Amino acid sequence: MENIGFTSDGCLISKEYIKELKQNGNGDLTALVNQNYTNSNSLVFILENLGYIPASFDSRWIIDLLSYKNENVRFWAVKTIGKLETDEYLDRLYKIASEDESTKVRREAVSAVGRMREKGNIPFLKKTLLDSDPKIVCQAIRGLLIFKGDEVVDSALKELVDHENEMVRSVILKEYFPKTKIDKKTIHHTEIHQFLKNVIVNGDVRDVLKLIPEESVHLTFTSPPYYNARDYSIYPSYEAYMKFLEEVFYETYRVTKEGRFLIVNTSPIIVPRISRSHSSKRYPIPFDLHYYLVKMGWEFIDDIVWEKPEYSVKNRIGGFQQHRKPLAYKPNSVTEYLMVYRKQTDKLIDWNIHQYNDEIVNASKVADGYESTNVWKICPKSDKIHSAIFPVDLCRRVVEYYSYKGDLVFDPFGGSGTLGRTAKSLGRHFFLTEKETKYFEYMKTFQSKDNLFDNDVTKFLTLEQFKNSIL
Ligand SMILES: C[S@@+](CC[C@H](N)C(=O)[O-])C[C@H]1O[C@@H](n2cnc3c(N)ncnc32)[C@H](O)[C@@H]1O
């Protein structure tokens with residue numbers, strides 16, 4: 001909100017000036033409004049900065065603005081009426097709520113009625129549940145929930161459980177049909193199973209996940225095999241590839257703790273043409289995978305773009321650079337996605353945070369210098385043995401921003417184990433799976449290079465050994 005505005009004759013009005021006029025009794029304020037009656041920006045500025053309204057306030061001039069032609073002025077006038085602790089203007093609000101041509105103004109009118117907390121408004125709010133704008137329905141629900149426990153209100157709200165809008169359905173489900181937790185003998189939110197602590201299993205992740213109890217993992221960060229773009233990732237078809245990922249992330253969902261995160265690093269890939277008379281095919285992996293993830297219950301939270309320097313990526317723009325012929329434009333792909341999802345829950349993030357004691361919360365606080373945008377500029381990392389490894393900085397940010405110290409961090413497609421080593425260095429535990437024995441063996445070589453995969457700490461297990469390690 002700006003601190004100063006301009007009157008219609010170009011003079012400055014400040015927040016303080018409005019406050020002063022308000023305190024002087026509002027004859028002066030009415031005069032200011034009248035002077036600026038044709039300037040909607042000034043009127044909005046005045047209304048927006050009125051702040052608290054004393055009981056003695058003469059509000060007649062606000063009522064006039066309820067039929068002003070500019071919707072922002074009407075919106076702020078309704079909002080201001082909502083602050084007056086009086087039901088004098090109820091009929092006007094009802095009428096605005098059902099008849100104003102702006103949905104934003106109607107929504108504010110329903111909100112103002114709800115905030116009055118008057119039982120007498122229940123019939124109006126009930127009628128508003130039939131509105132065609134789901135945001136207005138949500139405002140009416142909010143107003144009615146104040147009377148939760150009242151038979152009439154409860155039965156009207158419960159009927160919305162099959163509402164066509166997902167936001168409406170989720171509010172009603174949370175309020176009236178919360179999932180009752182069957183006693184799954186799970187451990188406390190912050191705890192982890194000993195047999196998963198700092199373990200790397202050489203096996204197909206799908207076989208390994210079947211052995212893991214539900215709600216075991218705090219955070220999954222992974223880069224799945226690229227569809228048919230590398231030797232270790234050959235699938236009979238794109239559909240089969242998607243089904244494979246669906247299976248992995250379905251099981252990952254089951255083993256993830258309530259309300260915790262999955263972050264998937266992918267990018268569209270190109271499968272090269274088979275000859276000059278054919279074209280190459282581009283597969284939009286993050287966008288296709290998204291559909292499966294939300295369908296199985298993962299709630300979409302954020303898209304983070306990992307941006308690499310142009311010199312580090314394959315040059316595709318060469319041909320275009322020479323000929324400059326439209327349609328043959330092929331930009332260099334300098335980005336990958338980190339799609340962030342959360343396991344569905346009725347609970348807010350605060351609930352997850354409150355599971356930890358103050359000591360852990362303080363020790364896990366993210367230091368200055370954190371990334372404040374969703375574009376992360378990080379150089380890719382090359383490696384002689386593995387062709388697609390995570391840069392440590394990418395893992396560091398994910399681990400620091402999405403987990404607490406002592407948590408269990410999982411990578412189903414472990415590769416060279418970058419996530420495991422980074423998680424360990426940040427005071428977290430890791431659990432990795434990797435199908436290819438050569439990469440599993442490669443991970444072991446890090447034992448001598450640093451102590452993160454220290455023998456005492458890290459267990460390198462075959463699938464059979466892992467099975468036997470589970471009590
Ligand atoms: C993109 S790489 C991950 C690299 C890793 N992020 C790193 O920093 O080294 C994908 C890995 O998934 C492994 N992989 C493919 N299919 C698998 C499966 N079914 N189970 C476990 N690992 C698998 C591949 O062998 C490959 O090492």
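**Helix packing and its surroundings**

Modeller: Thr 103, Arg 106, Arg 107, Val 110, Ser 111, Val 113 and Gly 114 of α7 are in contact with Lys 135, Ile 136, Gln 139, Ala 140, Arg 142 and Gly 143 of α9 (contact means that two C-beta atoms, placed from the backbone, lie within 7 Å). These contact residues divide into four nonpolar, five polar and four charged; Ala, Val, Leu, Ile, Met, Phe, Trp, Tyr, Cys and Pro count as nonpolar, Asp, Glu, Lys and Arg as charged, and the others, Gly among them, as polar. Residue numbers start from 1 along each chain, as its sequence is written. The model is predicted: local features need pLDDT of at least 70 and side-chain atom pairs count only at pLDDT 80 or more, while totals for chains, interfaces and linings use all residues. The helices (H or I, at least four residues) and strands (E, at least two) are DSSP runs, numbered from the N terminus.

Two packed helices are described by the angle between their axes and the distance between the axes. For α7 (residues 103-115) and α9 (residues 134-145), the axes come within 8 Å and cross at roughly 5°. Because of this angle, α7 is roughly parallel to α9 (under 35 degrees is roughly parallel, over 145 roughly antiparallel, 65 to 115 roughly perpendicular, and the rest oblique). Each axis is a line fitted to C-alpha atoms over the stretch in contact, and angles run from 0 to 180 degrees between N-to-C directions.

Helix α14 (residues 285-295) shows how a helix can have two sides. Ile 285, Leu 289 and Leu 293 are buried there, whereas Phe 287, Tyr 291 and Lys 295, on the other side, are exposed. A residue is buried if 20 or more other C-beta atoms lie within 10 Å of its own, exposed if 12 or fewer, and partly exposed in between, with C-beta atoms placed from the backbone. The buried residues of α14 fall within an arc of 55° when seen down the axis, so they line one face of the helix; the arc is that of the directions from the helix axis to the C-beta atoms. An α-helix has 3.6 residues a turn, so residues three or four places apart point the same way. Among the elements that cover the buried residues of α14 are α13 (238-255), β5 (256-266) and β8 (298-307). After α14 comes Gly 297, with a positive phi near 120°.

A positive phi is also found in residues other than glycine. Asn 198 has a phi near 50° and sits in the loop between α11 (166-176) and β3 (199-202). Asn 198 counts as buried because it has 20 C-beta neighbours inside 10 Å. Glu 215, with a phi of about 55°, lies in the loop between α12 (205-209) and β4 (217-222). Glu 215 has 18 C-beta neighbours inside 10 Å and therefore counts as partly exposed.

Helix α4 (residues 60-65) includes Arg 60, which is exposed because 9 other C-beta atoms lie within 10 Å. Arg 60 and Thr 30 are 30 residues apart in sequence, yet their C-alpha atoms are 9.0 Å apart in space. Asp 64 also belongs to α4; its C-alpha atom is 9.5 Å from that of Arg 74, 10 residues away in sequence.
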